[in-house]
Amino acid sequence: MAKIIHDYIDKTDRLVAEIEKSADSILRGINLKELLKNPREYLKVHSQKFVMSHKDKIQEGIEAGKEFGEKVMSNVKSKN
């Protein structure tokens, strides 16, 4: 069971690191003047771009979570 957990943590840590690296570059590109004009719209547009640019990583995280859950349940069932 420990290996299942460690493998899952390693995979999610890698995904988080990749997304954070990209987020840092996006933060540097924020135009404060435009942000202050209409914060809600500015953040909506940029958050949508962010999500779309990381769609594959988000999907990979979802699949990793499902796989982790299946492995844990399988492991628990085999011990009962």
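**Salt bridges, a pocket and a patch**

Arginine 14 and glutamate 18 sit 4 residues apart in helix α1, so about one helical turn separates them. (Helices here are DSSP runs of H or I, at least four residues, numbered from the N terminus.) This is a predicted model, where local features need pLDDT of at least 70 and side-chain atom pairs count only at pLDDT 80 or more, while totals for chains, interfaces and linings use all residues. Residues are numbered from 1 along each chain as its sequence is written, and side-chain values use heavy atoms, with hydrogens and water left out.

**Salt bridges**
- The structure holds 8 salt bridges, each one a side-chain nitrogen of Lys or Arg within 4 Å of a carboxyl oxygen of Asp or Glu.
- Arginine 14 pairs up with glutamate 18, their closest N and O atoms being 3.0 Å apart.
- Arginine 14 is partly exposed at 35% relative accessibility, and so is glutamate 18 at 31%; "partly exposed" covers the range between buried (under 20% relative accessible area) and exposed (over 50%), using a 1.4 Å probe and protein chains only.
- Over in helix α4, glutamate 67 and lysine 71 lie 4 residues apart, about one turn, and their side chains meet in a salt bridge at 3.0 Å, N to O.
- Salt bridges with shared partners tie Arg14, Glu18, Lys57 and Glu60 into one network.
- Glutamate 63 and lysine 66 are also both in α4, 3 residues apart, and their salt bridge has its closest N and O atoms 4.0 Å apart.

**The largest pocket**
- The largest pocket has a volume of about 180 Å³, that being the space filled by probe spheres set on grid points joined across faces, edges and corners.
- A pocket is an open set of points on a 1 Å grid over the protein atoms alone, where a 1.4 Å probe fits, with protein on both sides within 12 Å along at least five of seven lines; lining residues have an atom within 4 Å of a point.
- Its lining includes Ile26, Leu27, Tyr42, His46 and Phe50.
- Helix α3 gives the largest share of that lining, 5 residues.
- Histidine 46, in α3, is partly exposed at 29%.

**Surface patch**
- Met1, Ile5, Ile9 and Val76 make a nonpolar patch of about 290 Å², by Shrake-Rupley with a 1.4 Å probe.
- Patch residues have over 30% relative accessible area and no salt bridge, with nonpolar side chains (Val, Leu, Ile, Met, Phe, Trp, Tyr) joined within 5 Å and like charges within 9 Å.
- Valine 76 belongs to helix α4 (residues 55–79) and is partly exposed, at 34%.

Definitions and conventions:
Helix = DSSP H or I, 4+ residues; strand = E, 2+ residues; numbered from the N terminus.
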